[in-house]
Amino acid sequence: MAALFCGTATCASAATPSGDSGGRVLHQLTPTARALPGYGTVALPWSKQPTMNRAFITTYEPKQESCSGMPRSRGWSQVVLQSSFIWRNTTSALFTHVGSRMAGLGWHRVHLNAAAATHEAMWSTTLTTGNKAVAQLSTAPYKNWWEFVVTAPPVGKAVLGC
(Lines give C-alpha, C1' and ligand atoms only; values in the text may rest on other atoms or scores of the structure.)
Protein backbone atom coordinates (compact mmCIF):
# COMPACT_ATOMS: atom_id res chain seq x y z
CA MET A 1 0.00 0.00 0.00
CA ALA A 2 1.39 3.38 -0.92
CA ALA A 3 1.48 5.76 1.98
CA LEU A 4 -0.33 9.04 1.48
CA PHE A 5 -0.57 11.85 3.94
CA CYS A 6 -2.13 15.17 3.08
CA GLY A 7 -1.08 18.35 4.80
CA THR A 8 -2.94 21.62 4.65
CA ALA A 9 -1.58 22.47 1.21
CA THR A 10 -0.86 19.38 -0.86
CA CYS A 11 -0.70 15.60 -0.89
CA ALA A 12 2.51 13.64 -1.34
CA SER A 13 2.40 10.02 -2.44
CA ALA A 14 5.02 7.30 -2.23
CA ALA A 15 6.02 5.78 -5.56
CA THR A 16 4.52 2.38 -4.75
CA PRO A 17 2.02 1.14 -7.40
CA SER A 18 -1.56 1.04 -6.17
CA GLY A 19 -5.20 1.13 -7.20
CA ASP A 20 -4.68 4.87 -7.54
CA SER A 21 -1.35 5.12 -9.31
CA GLY A 22 0.14 8.53 -8.69
CA GLY A 23 -2.70 9.47 -6.34
CA ARG A 24 -4.78 10.96 -9.16
CA VAL A 25 -8.11 9.96 -7.64
CA LEU A 26 -7.16 10.98 -4.11
CA HIS A 27 -5.96 14.36 -5.38
CA GLN A 28 -9.50 14.92 -6.71
CA LEU A 29 -11.09 13.93 -3.37
CA THR A 30 -8.76 15.88 -1.07
CA PRO A 31 -10.13 19.39 -1.82
CA THR A 32 -13.46 18.35 -0.27
CA ALA A 33 -11.80 18.70 3.16
CA ARG A 34 -11.85 22.48 2.59
CA ALA A 35 -15.66 22.34 2.78
CA LEU A 36 -15.57 21.33 6.44
CA PRO A 37 -15.92 23.76 9.33
CA GLY A 38 -12.57 24.24 11.03
CA TYR A 39 -10.54 23.19 7.99
CA GLY A 40 -7.05 24.72 8.02
CA THR A 41 -7.12 25.30 11.77
CA VAL A 42 -5.99 23.32 14.79
CA ALA A 43 -9.67 22.47 15.34
CA LEU A 44 -9.55 20.05 12.36
CA PRO A 45 -6.01 18.71 11.83
CA TRP A 46 -4.73 16.24 9.26
CA SER A 47 -3.84 12.95 10.90
CA LYS A 48 -2.27 9.67 9.82
CA GLN A 49 -4.64 7.73 12.09
CA PRO A 50 -8.28 8.41 12.93
CA THR A 51 -9.11 8.82 16.58
CA MET A 52 -12.26 8.62 18.67
CA ASN A 53 -11.54 11.53 20.98
CA ARG A 54 -10.57 14.45 18.73
CA ALA A 55 -11.35 15.88 15.32
CA PHE A 56 -9.27 14.74 12.33
CA ILE A 57 -9.00 14.43 8.56
CA THR A 58 -7.22 11.44 7.04
CA THR A 59 -6.91 9.66 3.70
CA TYR A 60 -6.62 6.06 2.61
CA GLU A 61 -5.15 4.86 -0.64
CA PRO A 62 -6.50 1.62 -2.07
CA LYS A 63 -4.95 -1.63 -0.90
CA GLN A 64 -5.18 -5.14 -2.28
CA GLU A 65 -7.68 -7.25 -0.38
CA SER A 66 -10.18 -10.05 -0.71
CA CYS A 67 -13.37 -9.76 1.31
CA SER A 68 -14.37 -13.39 0.83
CA GLY A 69 -10.85 -14.81 1.09
CA MET A 70 -11.22 -16.26 -2.41
CA PRO A 71 -8.59 -15.31 -5.03
CA ARG A 72 -11.24 -14.34 -7.61
CA SER A 73 -12.61 -11.62 -5.27
CA ARG A 74 -9.17 -10.02 -4.80
CA GLY A 75 -8.93 -6.42 -5.94
CA TRP A 76 -8.33 -2.84 -4.84
CA SER A 77 -10.28 -1.22 -1.98
CA GLN A 78 -11.84 2.23 -2.41
CA VAL A 79 -10.01 5.56 -2.33
CA VAL A 80 -11.16 7.37 0.84
CA LEU A 81 -11.00 10.72 2.61
CA GLN A 82 -12.48 10.61 6.12
CA SER A 83 -13.07 13.24 8.77
CA SER A 84 -14.69 13.51 12.17
CA PHE A 85 -15.40 16.88 13.75
CA ILE A 86 -17.56 18.76 16.24
CA TRP A 87 -20.38 21.07 15.11
CA ARG A 88 -22.43 22.83 17.78
CA ASN A 89 -24.78 24.78 15.50
CA THR A 90 -27.90 23.46 13.72
CA THR A 91 -27.87 20.63 11.20
CA SER A 92 -29.34 22.97 8.61
CA ALA A 93 -26.50 25.45 9.13
CA LEU A 94 -23.92 22.67 8.73
CA PHE A 95 -25.51 21.37 5.53
CA THR A 96 -25.60 24.93 4.15
CA HIS A 97 -21.96 25.57 5.14
CA VAL A 98 -20.63 22.35 3.62
CA GLY A 99 -23.07 22.37 0.68
CA SER A 100 -22.06 25.80 -0.59
CA ARG A 101 -18.39 24.85 -0.48
CA MET A 102 -18.98 21.47 -2.13
CA ALA A 103 -20.92 23.19 -4.93
CA GLY A 104 -17.96 25.54 -5.41
CA LEU A 105 -15.76 22.46 -5.86
CA GLY A 106 -18.10 21.07 -8.54
CA TRP A 107 -19.95 18.53 -6.38
CA HIS A 108 -23.74 18.12 -6.72
CA ARG A 109 -26.14 17.50 -3.82
CA VAL A 110 -27.84 14.09 -3.88
CA HIS A 111 -31.48 14.27 -2.85
CA LEU A 112 -32.33 11.93 0.02
CA ASN A 113 -35.71 10.91 1.40
CA ALA A 114 -37.09 13.21 4.10
CA ALA A 115 -36.20 10.89 6.99
CA ALA A 116 -32.55 10.55 5.94
CA ALA A 117 -32.20 14.24 5.08
CA THR A 118 -32.69 15.26 8.73
CA HIS A 119 -29.34 13.76 9.77
CA GLU A 120 -27.43 13.08 6.56
CA ALA A 121 -26.36 14.90 3.38
CA MET A 122 -24.68 13.52 0.28
CA TRP A 123 -22.91 14.92 -2.76
CA SER A 124 -21.47 13.32 -5.90
CA THR A 125 -19.19 14.21 -8.77
CA THR A 126 -17.67 12.53 -11.80
CA LEU A 127 -13.90 12.17 -11.64
CA THR A 128 -11.45 12.46 -14.53
CA THR A 129 -11.35 8.64 -14.54
CA GLY A 130 -15.06 8.68 -15.45
CA ASN A 131 -15.98 7.09 -12.12
CA LYS A 132 -18.44 8.61 -9.67
CA ALA A 133 -17.23 9.78 -6.25
CA VAL A 134 -19.63 10.20 -3.33
CA ALA A 135 -19.34 12.34 -0.18
CA GLN A 136 -21.52 11.61 2.84
CA LEU A 137 -21.93 13.86 5.87
CA SER A 138 -23.78 12.29 8.79
CA THR A 139 -24.21 12.49 12.53
CA ALA A 140 -21.88 10.37 14.63
CA PRO A 141 -22.95 8.38 17.69
CA TYR A 142 -21.63 11.11 19.99
CA LYS A 143 -23.34 14.43 20.70
CA ASN A 144 -22.24 17.24 18.34
CA TRP A 145 -19.89 14.93 16.39
CA TRP A 146 -20.16 14.56 12.62
CA GLU A 147 -18.55 12.16 10.15
CA PHE A 148 -17.57 13.12 6.61
CA VAL A 149 -16.56 10.27 4.29
CA VAL A 150 -15.67 10.67 0.61
CA THR A 151 -15.20 7.52 -1.47
CA ALA A 152 -14.29 6.69 -5.04
CA PRO A 153 -13.64 3.44 -6.88
CA PRO A 154 -10.00 2.46 -7.36
CA VAL A 155 -8.24 2.52 -10.69
CA GLY A 156 -8.22 -1.11 -11.85
CA LYS A 157 -10.07 -4.13 -10.55
CA ALA A 158 -12.08 -3.40 -7.41
CA VAL A 159 -12.37 -5.95 -4.62
CA LEU A 160 -15.50 -8.12 -4.96
CA GLY A 161 -17.88 -9.44 -2.34
CA CYS A 162 -17.69 -6.65 0.23
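Contact means heavy atoms within 4.5 Å. In this predicted model, local features need pLDDT of at least 70 and side-chain atom pairs count only at pLDDT 80 or more, while totals for chains, interfaces and linings use all residues. Residues are numbered from 1 along each chain as its sequence is written, and side-chain values use heavy atoms, with hydrogens and water left out.

**Helix H2**
- Helices (H or I, at least four residues) and strands (E, at least two) are DSSP runs, numbered from the N terminus.
- The buried residues of H2 (under 20% relative accessible area, with exposed over 50% and partly exposed in between; 1.4 Å probe, protein chains only) are Leu-94, Phe-95, His-97, Val-98, Gly-99 and Met-102.
- These buried residues pack against E6, strand E7 (108-110), helix H3 (114-117), strand E8 (120-126), strand E9 (132-139) and E10.
- After H2 comes Gly-106, with a positive phi near 90°.

**Aromatic pair**
- The structure holds 1 aromatic pair, where pairing requires ring centres of Phe, Tyr or Trp (its six-membered ring) within 6.5 Å, and planes under 30 degrees apart count as stacked, over 60 as edge-to-face and the rest as tilted.
- The ring centres of Phe-95 and Trp-146 are 5.8 Å apart and the planes stand at 80°, so the pair is edge-to-face.
- Phe-95 belongs to helix H2 (residues 91-104) and Trp-146 to strand E10 (residues 145-152), so the pair ties together parts 51 residues apart in sequence.
- Both Phe-95 and Trp-146 are buried.

**Strand E6**
- Of the 8 residues of strand E6 (residues 79-86), 7 are buried, so E6 is largely enclosed by the rest of the structure.
- Strands pair if DSSP finds at least two bridges between them.
- E6 runs antiparallel to strand E3 (residues 56-60), joined by 5 bridges, and Gln-82 in E6 is the bridge partner of Thr-58.
- E6 and E10 also run antiparallel, joined by 8 bridges, with Ile-86 opposite Trp-145 in E10.
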